[in-house]
Amino acid sequence: MLHLTDIQLQDNKTFLAMLNHVLSVDGFYFSTTYDLTHTLQRLSNTSPDFQEMSLLERADQRFVWNGHLLRELSAQPEYFDWILISRRSCFRAGVRYYVRGIDSEGHAANFVETEQIVHYNGSKASFVQTRGSIPVFWSQRPNLKYKPLPQINKVANHMDGFQRHFDSQVIIYGKQVIINLVNQKGSEKPLEQKFATMVSSLGSGMIRYIAFDFHKECRNMRWDRLSILLDQVAEMQDELGYFLVDSVGKVMTNQDGVFRSNCMDCLDRTNVIQSLLARRSLQAQLQRLGVLHVGQKLEEQDEFEKIYKNAWADNANACAKQYAGTGALKTDFTRTGKRTQLGLMMDGWNSLIRYYKNNFSDGFRQDSIDLFLGNYSVDELESHSPLSVPRDWKFLALPIIMVVAFSMCIICLLMAGDTWTETLAYVLFWGVASIGTFFIILYNGKDFVDAPRLVQKEKID
């Protein structure tokens, strides 16, 4: 209805009134157990094939007043139930910059198990994927910079935690195909190299590692290049398969492993790739179940395609809001299949909100999660409140100095002195004062962010 013009909406009301007028006349009858359109004699002289036909197919069309509507209904495509479930782990739970990497037990931050389920004629199919932070000991504490530098712990036993993580993953899911989407240059490069080195050192035949620099491959909005990755993993995906059980409960196929995708946050880039992998699996499942015929493509089913894309975009937003505090980035591609200028603008807006929340409200969010999960227990006998953390003098003094200096700089510009040299001197003085104070605040950024107060152990490495 949303796509109709005002004239079409008015006409639609008239058409509905016409239909209601016809249907309001007394004398229309129907039965789901007896064919009212045929005489008893005609029904007694029918063949076995006639008895197997549906009531609509065998009805005498002379007396089926709603035959036109029923024919349109019967011509609709096959219907099936499609379900998307994401289960976020409560182990090493937290917010974006305060919970990264793994803990000593091998639990990864922002670990999410996503299952796509299909129900059709009693048969059920399922495809499972996972995502989780790069499973080594690393941190990325907020410090007022837009992207804090990630820090890899130099003294921790990375292999111990790494092996614990993948031992549990292999036991639960089977084979692991790792898709690492982080940048292979800049601040993210050391993490990509560390991940590759750890996989190589572990030497497990159950684990395969694929590095795909998402931003490099898709720069200049060339998102069609994601097909390079899909082609690269197509054979692996066929090997992993999917779970299928028929209408009588017999297991037809099992899924023998999962794709474990990650980027830095395991949100935006990760969700895009997972939606594409899930689509390829769904194509195979629907063909196997007989919903799609040979040669039919999922992308050609316009109504379902819209539902599919929106559901995955909603999934991205739900995961992102819990971890980063805002909806996901890049959802314009997930919803429409292409990158748009409006989508870039929305990503910029969400990035600004993330910056504010990550620096000035995530400490409270992290404490809330820890309290809820029992990572911190309130002790009535504790004399000192963990919420009462004294602030250094810099916390109040420097922002006030910066605001005053900037204000004076503006005032000097608006209220010029007797000579331009005098005005320039005042502007330079207050300008240098405000800029210098800003850089001092930035240098001491960790003192100005909202940090967690309840749990200070592995969360802050």
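User: In this predicted model, which residue of β3 stands opposite His119?

Analyst: Happy to start there: the residue facing His119 is Lys124 in β3.

User: What makes β2 and β3 a pair of strands?

Analyst: Pairing asks for at least two bridges between two strands. Nine bridges join β2 (residues 112-120) to β3, and the two run antiparallel, so they count as paired by that rule.

User: What lies between β2 and β3 in their hairpin?

Analyst: Two residues separate the strands, and Asn121 in the turn has a positive phi of about 50°.

User: Why is β3 called largely enclosed?

Analyst: A residue is buried when its relative accessible area is under 20%. Eight of the nine residues of β3 (residues 123-131) are buried, so the rest of the structure largely encloses this strand.

User: How do you know that β3 pairs with β8, and in which sense?

Analyst: The cut-off is at least two bridges. β3 and β8 (residues 243-245) have three bridges in the antiparallel sense, so they qualify as a pair. Within this pairing, Ala125 has Leu244 in β8 as its bridge partner.

User: What makes β3 and β10 a pair as well?

Analyst: Two bridges link β3 to β10 (residues 257-262), in the parallel sense. The rule says at least two, so this pairing counts. Arg131 stands opposite Ser261 in β10.

User: Which residue is the bridge partner of Ile179 in β10?

Analyst: That is Ser261. Six bridges join β6 (residues 175-180) to β10, with the strands running parallel.

User: Why is β10 described as largely enclosed?

Analyst: Six of the six residues of β10 are buried, so the strand is largely enclosed by the rest of the structure. Both faces are covered: Gly257, Phe259 and Ser261 are buried on one side, and Val258, Arg260 and Asn262 are buried on the other.

User: What share of the whole chain counts as buried?

Analyst: Of its 461 residues, 42% do. The chain has 16 helices and 10 strands.

User: How does the radius of gyration of the chain stand against that of a compact globule?

Analyst: For 461 residues, a compact globule would have a radius of gyration near 23 Å, but this chain has 31 Å. The C-alpha atoms fill a box of roughly 110 × 65 × 55 Å along the principal axes.

User: What share of the contacts with a separation of 6 or more joins residues 24 or more positions apart?

Analyst: Such residues account for 68% of those contacts.

User: How many side chains count as positive and how many as negative?

Analyst: There are 49 positive and 51 negative side chains, and the centres of the two sets lie 5 Å apart.

Note on methods: Residues numbered from 1 in each chain as written. Predicted model: local features only at pLDDT ≥ 70, side-chain atom pairs only at ≥ 80, totals over all residues. Heavy atoms only, no water. Buried < 20%, exposed > 50% of the residue type's maximum accessible area, 1.4 Å probe, protein only. Helix = DSSP H or I, 4+ residues; strand = E, 2+ residues; numbered from the N terminus. Rg over C-alpha atoms; globule rule 2.2 N^0.38 Å. Contact = heavy atoms within 4.5 Å. Lys, Arg positive; Asp, Glu negative; His and termini not counted. Charge placed at Lys NZ, Arg CZ, Asp CG, Glu CD.
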